Amino acid sequence: MASAILLADDEKDFVDTLGERLELRGYAVRVVYDGISALAAAQEALPDIAIVDWLMPGKSGDAVLHELHARQPHLPVILLTGHGARDDHGCTPCAEAFACLTKPVALDTLLEQIQLALGGVQV
Amino acid sequence: MFEQIKIACRHLIEVPDDVAPARYASLRRIMTVLMVVVSVMPLLVLTGINHVQYQHTLQGELEVPLRGMVGKTRTSLSLFLTERASTVSLIAQAYSFDDLSDPKTLTRIFRALKSEFQGFVDLGLVDETGRQVGYVGPYNLRGAEYGDQPWLHHAQVKGAFISDVFLGLRGTPHIVIAVSHMEENGRTWVVRATIDTAQLDRLVAAMGLSPDADAFLVNTQGIMQTSSRLYGGVLHKLPLPVPPVSYDTSVTLLHDAQGQELVAAYAYIQNTDFIVMALKPHSALFQPWTTLQSDLLLLLACSVALIVFVSHVLMKQLVNRLQASDERRVAAFAQMEHNQKLSSIGRLAAGVAHEVNNPLAIINEKAGLALDFLHMTGDFPKKDRLTALLQGIESSVDRARNITHRLLGFARRMEANRQELHLEEVLTETLGFLEREAQNRGVTISTSVAENLPALISDRGQLQQVFLNIIGNALAAVDNGGTVQVRCAAGQAGFVHVEIEDNGKGMPPEVLRHIFEPFFTTKQEKGNGLGMFITYGIIKRLGGEIHVASEDGKGTTIRILLPLVPPEGQENPALPNSASVQEKP
């Protein structure tokens with residue numbers, strides 16, 4: 001069975017395209033455009049891995065990460081950010097995340113991280 | 001003048017926009033002149049007043065002896081002549097013509113006269129026709145005719161007369177005292193006595209003047225009445241003008257034929273034609289004054305010279321110090337501006353990078369998806385060409401990503417990754433990356449690390465990046481066979497000092513000025529102009545300082561100060577000048 005990926009980002013163009021590319025590579029991808037929808041989608045069907053944008057309207061990446069972990073403590077979450085490994089509030093998001101990647105991400109890098117995450121966690 | 005002073009004062013207190021040397025040169029000139037004028041003016045006035053005062057007092061003082069002697073001599077002479085005139089007058093009153101006509105009586109009187117008074121040479125009786133009817137004396141002048149002599153005429157008119165010195169019938173200089181007497185019957189006759197001029201000489205000589213002075217008797221026509229040392233003997237014409245009438249002792253200035261200035265003290269003797277005169281050369285008389293004057297002048301000149309010298313030196317010191325402090329101030333402002341600018345550029349660059357990243361990600365994914373589709377599709381015309389185009393887009397996005405990631409790195413906060421490390425190790429690791437290139441080009445990289453260098457807490461990766469950037473730049477700057485020296489030492493308290501010096505091509509000032517700005521590069525194709533920008537950001541975050549000194553053609557020295565323990569927070573407020581560039585002297 002294909003691994004389920006939850007993909008959340010407010011950049012619709014970006015996230016749709018990325019989702020399509022991941023689907024082409026055999027993953028079951030669920031694309032959402034904000035944090036609240038991401039949590040709802042995770043509620044509906046437990047994902048194997050979540051890829052979440054750091055800055056989203058409604059709920060930010062780290063809030064989503066916390067709530068996801070509250071329900072699924074071992075869910076690997078990959079954070080995507082537009083501005084390096086930092087935020088404007090001074091916290092470091094990478095601590096709880098499985099990985100933190102800066103946009104634009106080379107697909108190969110992302111796939112590598114997904115492989116690592118899935119390999120490390122038995123679903 | 002006041003305008004200039006105002007301007008000078010304003011110059012002193014305002015913060016200048018420029019520190020042009022000419023400004024300070026003119027400031028120094030104005031202040032020196034001002035100080036000299038202010039100090040010299042009172043001195044000059046004081047000296048002037050002193051001069052006048054001294055001159056006045058001294059002149060009086062110096063004239064006093066001369067004046068006194070002339071006064072005394074005048075009194076003596078006056079007394080001498082009056083006495084003799086009175087005596088002759090007494091004879092004329094006491095005896096009748098007949099008594100005096102008798103040679104015996106006349107001889108007796110003459111003897112008495114000679115014994116009582118000095119200076120009488122002879123005594124005679126002249127009748128109204130001018131014939132000398134009675135005579136006692138060394139010359140045989142009985143019967144001599146004086147009818148045409150002026151003294152006789154004067155005596156007959158005035159009653160008594162003291163003549164000037166003249167030769168008369170006897171041919172030797174003498175003075176005649178003539179007293180006429182009128183009897184009741186209207187007959188007039190004259191008693192005439194002559195006085196030896198040696199008596200006058202004696203009285204004048206009694207003044208006892210110094211060798212350069214001269215004293216004599218002269219009459220109102222300027223004929224010498226006694227002999228003088230400098231102006232000829234008796235009856236010579238005095239080669240000087242006759243001074244104005246004054247019966248008191250007066251002092252006047254005369255000029256002789258040689259133009260020499262003479263101080264003349266003189267007095268007219270009442271009832272005679274005589275003037276007593278004492279002369280002394282001005283220069284001799286005022287010798288003490290001249291000495292004092294030149295002493296005063298010397299003192300003045302020395303004081304003025306000292307004032308000018310001290311003012312000059314003092315103002316030079318002062319203005320130099322002022323200039324130095326202004327320069328420091330201007331440099332500090334420039335430094336602050338520079339840091340401000342770099343920090344603003346950094347923030348702007350990071351913001352732009354952030355905004356660009358999202359569209360870049362979209363381009364990346366779209367191109368990737370397109371490529372994915374291409375791979376899944378069978379062959380069609382120009383498939384390879386299309387693949388190449390999309391790959392071109394991907395590699396361009398890669399390039400752009402590299403840039404935006406580095407820009408973001410500039411402003412990236414980093415708290416993790418701090419660890420205790422030894423600079424020596426970091427340097428060795430870094431040089432490992434560069435060794436091959438250095439070897440290929442025959443460049444010597446020498447490292448010297450002070451033995452007591454303490455360990456510091458910092459970010460190993462970031463430091464590596466810094467050294468890689470700087471030493472890489474140094475390598476690029478040197479010619480084949482050049483040298484790069486890396487030195488580490490403990491710097492001021494709590495800091496470590498790293499110096500990277502190369503003997504490469506250096507930088508002109510206009511390049512140096514922009515060295516820390518992003519996208520500023522001299523390497524055209526090879527560089528993206530972010531190396532030093534990133535380096536600057538890292539050093540600043542680590543709480544350090546970076547200073548670049550370079551001279552075009554002579555090499556570059558980069559000096560880094562790193563704190564042993566980095567400060568909390570993003571920037572170190574204790575180090576306002578965390579970066580500087582300077583041209584090597």
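Q: How many bridges join strand 4 of chain A to strand 5 of chain A?
A: Strand 4 of chain A is joined to strand 5 of chain A by 4 bridges, and the two run parallel. Two strands pair if DSSP finds at least two bridges between them. Strands (E, at least two residues) and helices (H or I, at least four) are DSSP runs, numbered from the N terminus. Within this pair, I78(A) stands opposite A99(A) in strand 5 of chain A.

Q: Is this an experimental or a predicted model, and how is the numbering done?
A: It is a predicted model, in which local features need pLDDT of at least 70 and side-chain atom pairs count only at pLDDT 80 or more, while totals for chains, interfaces and linings use all residues. Residues are numbered from 1 along each chain as its sequence is written, and chains are lettered from A and ligands numbered from 1 in the order in which they are written.

Q: Which sheet do those strands belong to?
A: In chain A, 5 strands form an open sheet in the order 2-1-3-4-5, with parallel pairing. Strand 2 (28–32) and strand 5 (99–102) of chain A are the edge strands, each pairing on one side only. On average, neighbouring strands of this sheet are turned by 20° against each other, direction ignored.

Q: Which helices pack on it?
A: Helix 2 of chain A packs on the sheet and touches strand 1, strand 2 and strand 3 of chain A; its direction makes about 165° with that of strand 1 of chain A. Helix 3 of chain A lies across strand 1, strand 3 and strand 4 of chain A, at about 160° to strand 3 of chain A. Such angles run from 0 to 180 degrees between N-to-C directions, with axes fitted to C-alpha atoms, for helices over the stretch in contact. Contact requires that the C-beta atoms of two residues, placed from the backbone, lie within 7 Å.

Q: Which residues of helix 3 of chain A are buried?
A: The buried residues of helix 3 (residues 61–71) of chain A are G61(A), D62(A), V64(A), L65(A) and L68(A). They lie on the same side of the helix because they cover an arc of only 155° around the axis, the arc being that of the directions from the helix axis to the C-beta atoms. A residue is buried if 20 or more other C-beta atoms lie within 10 Å of its own, exposed if 12 or fewer, and partly exposed in between, with C-beta atoms placed from the backbone. The face turned away from the buried side of helix 3 of chain A carries the exposed residues A70(A) and R71(A).

Q: Turning to chain B, what does its sheet look like?
A: In chain B, 4 strands form an open sheet in the order 6-9-8-7, with antiparallel pairing. Its edge strands are strand 6 (214–219) and strand 7 (250–255) of chain B. Neighbouring strands of this sheet are turned by 30° against each other on average, direction ignored. Helix 2 (residues 21–94) of chain B packs on the sheet, touching strand 7, strand 8 and strand 9 of chain B.

Q: How do helix 11 and helix 13 of chain B pack?
A: Helix 11 (residues 460–477) and helix 13 (residues 531–541) of chain B pack at an angle of about 140°, with their axes 9 Å apart. Residues making the contact include V466(B) and I470(B) of helix 11 of chain B, and I534(B) and I538(B) of helix 13 of chain B.

Q: And how confident is the predictor?
A: pLDDT is the predictor's confidence in each residue, from 0 to 100. Chain A averages a pLDDT of 82, and 85% of the residues score at least 70. Over residues 85–91 of chain A the pLDDT is below 50. Chain B averages 84, with 92% of the residues at 70 or above, but pLDDT stays under 50 over residues 570–576 of chain B. Where pLDDT is low, the predicted coordinates should not be read in detail. For the complex, the predictor gives an ipTM of 0.84 and a pTM of 0.46.
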